[in-house]
Amino acid sequence: FTFDASLRQALIVSLIAAVVSLSVVVVTGYVGQISLAQLAFAGTAGFVAIALADRGWPFPLVVVAGVLLATVVGVMVGLPATRVRGMSLAVATMAAAVAIEALVLGSSALSGGPGGRAAPRPYLFGIDVGISAPGADNFRPEFGLVALALLAVAAVAVANLRRNTTGLRWLAVRANERAAAAAGIDVARVKLGAFALSSALAGLAGVLMAFATSTLSTTSFMVIGALVAVALTYLAGISSVSGALLAGGLAQAGI
C-alpha cells in the first residue's frame with residue numbers, strides 16, 4: 001500500500017515467481033526429480049483460466065479449475081518419472097514441455113495466437129481484485145493481497161508436507177530410491193504425488209500470471225523460462241521454502 005506502481009509491480013512479479021519456485025522445490029528439492037515442464041503447466045492453466053473466465057466462471061472457480069487441470073497434465077507428464085530419473089527425466093520433461101508449447105499453447109483457439117489473450121477483470125466475492133488501474137494507481141494492492149494470500153497458503157502446505165511422513169518418504173526417495181523401495185516405500189507413488197503437487201503449484205502461478213498481465217502471451221511460458229526457474233531456485237536454496245521465496249525476489253522484473 002505504500003509502494004509506488006513500479007515497486008508494486010515488482011513485488012507482485014516476485015510473489016508469483018515464488019509460487020513457481022515452490023513447485024521446483026517440491027519436485028526437485030524434496031524428491032530429486034528434475035522437471036523442466038513447470039512453465040508449460042503454468043501456461044496451460046493460465047490460458048484455460050482466461051477461457052473459463054470469458055465464459056462467466058467466477059474467479060475462485062477459475063483458480064480451482066486451472067490448478068486441477070495443471071495437476072492432471074503434470075501427472076501425465078510425470079509418468080516417465082516412475083521409470084527414469086536424473087538427466088533422462090529432465091530430457092523427457094523438456095520434450096513434454098516443447099510438445100505442450102507447440103500443440104497446446106500454440107493453438108490460436110486457446111492462446112489467441114501471437115497477440116495473446118486478455119483476462120476479464122476478476123472479482124472475489126463481489127470485490128474488485130483486478131490488477132490494472134489508471135496512472136499511479138496501476139498494479140493495485142488488492143491483486144497483490146490475493147497473490148500474497150495464495151503464496152502463503154502454498155508455502156504453509158509445502159512446509160507442513162516436508163515435516164510429516166509424506167516429506168520423509170520424499171527425502172528417502174531423493175537420497176536413494178533402491179533403499180527407499182527396500183524399506184517398503186512405494187517409489188512410483190511418491191514420485192507421482194510430488195509431480196501432482198508441483199504441477200498444482202505451477203498451475204496456480206499460471207492462473208495468477210493470467211490475471212496479472214494486460215495480455216497473456218505464449219512467450220511467458222517457453223522452456224528457457226523453466227530452466228531459469230530451476231537455476232534461480234537452486235541458487236537460492238532448492239530444498240527449502242525460504243529458498244523459493246528468495247528465488248521469487250531474484251526473478252526477472254521482481255523486487
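This is a predicted model: local features need pLDDT of at least 70, side-chain atom pairs count only at pLDDT 80 or more; totals for chains, interfaces and linings use all residues.
Residues are numbered from 1 along each chain as its sequence is written, and side-chain values use heavy atoms, with hydrogens and water left out.

**Helix 1 and helix 9**

- Helix 1 covers residues 5–30 and helix 9 covers residues 187–212; their axes sit 8 Å apart at an angle of about 170 degrees. Helices here are DSSP runs of H or I with at least four residues, numbered from the N terminus. Axes are lines fitted to C-alpha atoms over the stretch in contact, and angles run from 0 to 180 degrees between N-to-C directions.
- The two helices are therefore roughly antiparallel (an angle over 145 degrees).
- Residues of helix 1 including I16, L22 and V27 meet residues of helix 9, among them F195, L201 and M209. Contact means heavy atoms within 4.5 Å.

**An aromatic pair**

- The structure has three aromatic pairs, meaning rings of Phe, Tyr or Trp (its six-membered ring) with centres within 6.5 Å.
- In one of them, the ring centres of F59 and F211 are 5.0 Å apart and the planes are at 85 degrees, so the pair is edge-to-face (planes over 60 degrees apart).
- This pair ties together distant parts of the chain, with F59 in helix 3 (residues 59–78) and F211 in helix 9, 152 residues apart.
- Both F59 and F211 are buried, that is, under 20% relative accessible area with a 1.4 Å probe, counting protein chains only.

**Nonpolar cores**

- The largest nonpolar core has 73 residues, and L22, F41, F211 and F221 touch the most other members. Such a core is a set of buried Ala, Val, Leu, Ile, Met, Phe, Trp, Tyr and Cys residues joined through side-chain atoms within 4.5 Å.
- Helix 9 supplies the largest share of this core, 14 residues.
- Another core, of five residues, lies apart from it and includes V24, L36, A90 and V230.

**Two residues to look up**

- T28 lies in helix 1, and its 14% relative accessibility makes it buried.
- Beyond neighbours within four places in sequence, T28 is in contact with Q33, I34, S35, R174 and I238.
- E101 belongs to helix 4 (residues 87–103).
- Setting aside residues up to four places away in sequence, E101 touches G106, F221, M222 and V223.

Definitions and conventions. Angles under 35 degrees count as roughly parallel, over 145 as roughly antiparallel, 65 to 115 as roughly perpendicular and the rest as oblique. Rings of Phe, Tyr and Trp (its six-membered ring) pair if their centres lie within 6.5 Å; planes under 30 degrees apart count as stacked, over 60 as edge-to-face and the rest as tilted. Buried means under 20% relative accessible area, exposed over 50%, partly exposed in between (1.4 Å probe, protein chains only).
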